Amino acid sequence: MPYIPSYLNYSQPYLENSLKFIKRKGDSFEYQDMSSLTGKNVGIVRNYGYGDEFLNATNFNKPEANDLLTNAKKLLGNRIDLTLEDELVAKSILSGAGMNLADFEFTQNALSINPLHVTSGVANARNGEIIAAFNKGLAEIKANGTFDNILRKYGIK
């Protein structure tokens with residue numbers, strides 16, 4: 001169960017963060033569970049929150065880098081077997097850096113999937129009003145198709 005700070009008021013989730021393994025195109029690896037990583041070199045980003053089970057696992061190596069781009073270059077250079085990042089974020093970062101997305105594939109199975117929310121601090125006297133307005137607007141744009149159109153426009157759906 002994720003830690004939910006009591007000092008924040010959360011909206012309804014608007015998307016999910018899907019932390020997936022990134023591999024070289026044509027690699028047949030598919031993540032099943034921690035044991036499927038045995039013997040692998042999985043490039044991670046220093047100080048990123050992958051979760052205790054992953055970080056405490058000892059059946060695979062976790063060489064650190066400062067960012068996803070460094071790990072992507074290591075992956076293409078066969079210096080690591082896998083790296084991982086939210087799929088949408090990874091696609092944006094890699095394509096924004098001029099890397100060819102066709103050189104990479106994502107596993108079907110995710111290490112973790114977490115809902116994304118807008119938050120407002122409960123110390124803000126208007127926090128309930130802000131979150132209610134967001135939830136109302138989100139419901140409206142989902143109902144009228146605008147939300148899906150935005151996701152399609154940016155390649156998310």
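Mentor: Terms first: a nonpolar core is a set of buried Ala, Val, Leu, Ile, Met, Phe, Trp, Tyr and Cys residues joined through side-chain atoms within 4.5 Å. Buried means under 20% relative accessible area, with a 1.4 Å probe and protein chains only. The model is predicted, so local features need pLDDT of at least 70 and side-chain atom pairs 80 or more, while totals for chains, interfaces and linings use all residues. Numbering runs from 1 along each chain as its sequence is written, and side-chain values use heavy atoms, without hydrogens and water.

Trainee: Which residues have the most contacts inside the largest nonpolar core?
Mentor: F21, M34, L37, V42, F54, L84 and L111, in a core of 16 residues. Strand β3 gives the largest share, three residues. Strands here are DSSP E runs of at least two residues, helices H or I runs of at least four, numbered from the N terminus.

Trainee: What is M34 in contact with, leaving aside neighbours within four places in sequence?
Mentor: E53, F54, A57, N59, F60 and L111, where contact means heavy atoms within 4.5 Å. A second, separate core has 10 residues, including I22, A90, L94 and F104.

Trainee: Switching to α2: which of its residues are buried?
Mentor: In α2 (residues 68-76), L68, N71, A72, K74 and L75 are buried. They line one face of the helix, because they fall within an arc of 160 degrees seen down its axis, taken from the directions from the axis to the C-beta atoms.

Trainee: And what follows α2?
Mentor: N78, with a positive phi near 60 degrees.

Key:
Buried means under 20% relative accessible area, exposed over 50%, partly exposed in between (1.4 Å probe, protein chains only).
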